[in-house]
Amino acid sequence: MNINVVATTPFSDQKPGTSGLRKQVRVFQQPHYLENFVQAVFNTQTALKGGTLVLGGDGRYFNREAIRIILRMAAAHGVAKVIVGRGGILSTPAVSCLIRRYQTQGGLILSASHNPGGPQGDFGIKFNTPNGGPAPEKVTNAIHKATLTLTEYRIADIHPVNIDHLGNSTLGAMDIEVVDPVQDYAALMQTLFDFDRIGTLFTGTAFRMRFDAMYAVTGPYGRRILVEMLGARSDTVMRGDPLANFGGQHPDPNLVYAQDLVEAMYHRDGPDFGAASDGDGDRNMILGRGFFVTPSDSLAILAANAHHVPGYRDGIAGIARSMPTSQAADRVAAHLGIECFETPTGWKFFGNLLDAGRVTLCGEESFGTGSDHVREKDGLWAVLFWLNLLAVRQDSVENIVRSHWRQFGRNYYTRHDFEEVDAERAETLMRRLRDRLSALPGKRLGDHTVSLADDFAYEDPIDGTISQGQGVRILFEGGSRLVFRLSGTGTAGATLRLYVERYEPDPQRHALETQSALAPLIAIAHEVAGIEEHTGREAPTVIT
Ligand code: G6P
Ligand code: ZN
């Protein structure tokens, strides 16, 4: 095997964001761009030499090319073995599962998650560490630093094996094992959930479900697990064939982008249960007939009902949620007498807590839910958890949520996104807001009194790492809250996110329409941050 040593010069923009290096496809198509980043991973993650790497992606445009390049670079670097999903396909949670199951030295995930794909869309690459989770900041910082001084990369001068057939082959001295993308993941799900009981729900009752795979990676997972293993009707999975451009849509499971699913679910004779997952299979959206479950409520409800599910029957150690996620889960943790952690946005912040056994369930408002079974959020896992719950409780999604509210109170919650705002203006908005924070406590805004206002900082309780500047929060007496932050995952301009929450203990007031229940707080948010003045926008581009 010949190894080419290719001279290169650094790119200045290879700093991984909230979830890996995510850029427009045309950025990745620049000569040496992907190669430089991969070389920086190999240079810093020394255990990969002689070790095993898991490799796969969500099948988006450029996935196959990237896999070919990475296989050749891995061979040149002396990686002993690469486990790759057939056709280059692996969902993000499946990569995490494989890293853990085969105790590999890490994995590379090729995805830009819920961002659109295709030649005009986005691509991404993310390194996951041997615990199966996204690399923590100290690792991504080291990789970024290495990208800034690269002078060469190494790539094997051979054209690799066919990745469309299961089995083993070699590339130079490196072994390649092409695996079924679903098998190990499905086996893990069987250890957590009561497949017999869920199967009976599908085959022994009139229960119907619709799962929207959004032409992304979970199509094959949904078909195998829901239809083949659990016996759901074959029309359960919609948009189930992964396409390189996701059918030209945003593979983002929310009320805006999963419109056909939402329409079906709001039909009088619609299915009993609806769910969707994103590009790489780590997000989830949960719907009942005519009913949307916010991700924040979903986390709280799964936690409160975990004892119904075999994998969590003995109780959960603790719960973690990202700061902007509603405080509904905190009330469940208090009720169960377990710890609850508030972390910055980004799944990687849950890793240490999960590794240390301090938390079992985690969730984020951005449609992410998961547990200690892997180190990524996991879309289908959340769907199966809900199915298990529905099978045990023999009740509708809506009734389960409403009875949860009656017991714990309701956290009305919404997120307003102002997308593709001028980056400098968005920074100015945040700066001005930060400057005002110290003057806010005790002040009355509308009908609310500020109890705390700060720029969220987090000290990791396990390794002491401090992360500052994680979002402005304004807390009000009585549990209502406003949060402002700039997205860390966008690729064009800036996205301002406004998160609004109001706690309502009174069951007589649990049936209000969310946006009107939150309207006074939304008005306060616009006023206090000068949203229109700074962004030029009166209204958000997306509401979830
Ligand atoms: C990705 C991460 C999530 C995070 C989300 C937030 O999906 O995996 O952990 O919550 O991005 O993105 P944002 O655009 O709000 O920074
Ligand atoms: Zn994702």
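1. According to the UniProt record, an unreviewed entry, the annotation "domain: Alpha-D-phosphohexomutase alpha/beta/alpha" covers residues 14-153, 194-287 and 296-408. The structure discussed here is a predicted model.

2. Two of these annotated stretches can be described by their content. For residues 296-408 the figures are 44% helix and 16% strand, with the end C-alpha atoms 13 Å apart.

3. A separate assignment divides the protein into domain 1 (3-181), domain 2 (185-408) and domain 3 (410-543). Between the C-alpha centres of domain 1 and domain 2 the distance is 28 Å. Their contact involves 30 residues from domain 1 and 31 residues from domain 2.

4. Which helix gives the largest share of the side of domain 1 that touches domain 2? It is helix α4 (residues 92-101), which supplies six residues. By class, this side of domain 1 has twelve nonpolar, 15 polar and three charged residues.

5. Next comes a sheet. Five strands make up an open sheet with mixed pairing, in the order β11-β10-β12-β13-β14. The strands at the edges are β11 (237-238) and β14 (291-293). Each of them has a single partner strand, so one side of each has no neighbour in the sheet.

6. Strand β13 (residues 285-288) and β14 run antiparallel and are joined by three bridges. For one residue pair, L287 has F292 of β14 as its bridge partner.

7. Which strands does helix α13 lie across? Helix α13 (residues 379-393) lies across β10 (209-212), β12 (273-276) and β13. Relative to β12, helix α13 runs at about 170°.

8. Helix α13 also packs against another helix. Two packed helices are described by the angle between their axes and the distance between the axes. For helix α7 (residues 195-204) and α13 the angle is about 75° and the axes are 9 Å apart. Because angles of 65 to 115 degrees count as roughly perpendicular, α7 is roughly perpendicular to α13.

9. The residues that make this helix contact can be listed. From α7 they are R197, I198, T200 and L201; from α13 they are L387, N388, L390, A391 and V392. Sorted by class, the contact of α7 with α13 has six nonpolar, two polar and one charged residues.

Terms used: Residues are numbered from 1 along each chain as its sequence is written. Chains are lettered from A and ligands numbered from 1 in the order in which they are written. This is a predicted model: local features need pLDDT of at least 70, side-chain atom pairs count only at pLDDT 80 or more; totals for chains, interfaces and linings use all residues. UniProt positions are given in the numbering used here, feature names are shortened, and annotations may be inferred rather than shown by experiment. Helices (H or I, at least four residues) and strands (E, at least two) are DSSP runs, numbered from the N terminus. Two strands pair if DSSP finds at least two bridges between them. Two residues are in contact if their C-beta atoms, placed from the backbone, lie within 7 Å. Axes are lines fitted to C-alpha atoms, for helices over the stretch in contact, and angles run from 0 to 180 degrees between N-to-C directions. Domain bounds come from an automatic or database domain assignment. Ala, Val, Leu, Ile, Met, Phe, Trp, Tyr, Cys and Pro count as nonpolar, Asp, Glu, Lys and Arg as charged, and the others, Gly among them, as polar. Angles under 35 degrees count as roughly parallel, over 145 as roughly antiparallel, 65 to 115 as roughly perpendicular and the rest as oblique.
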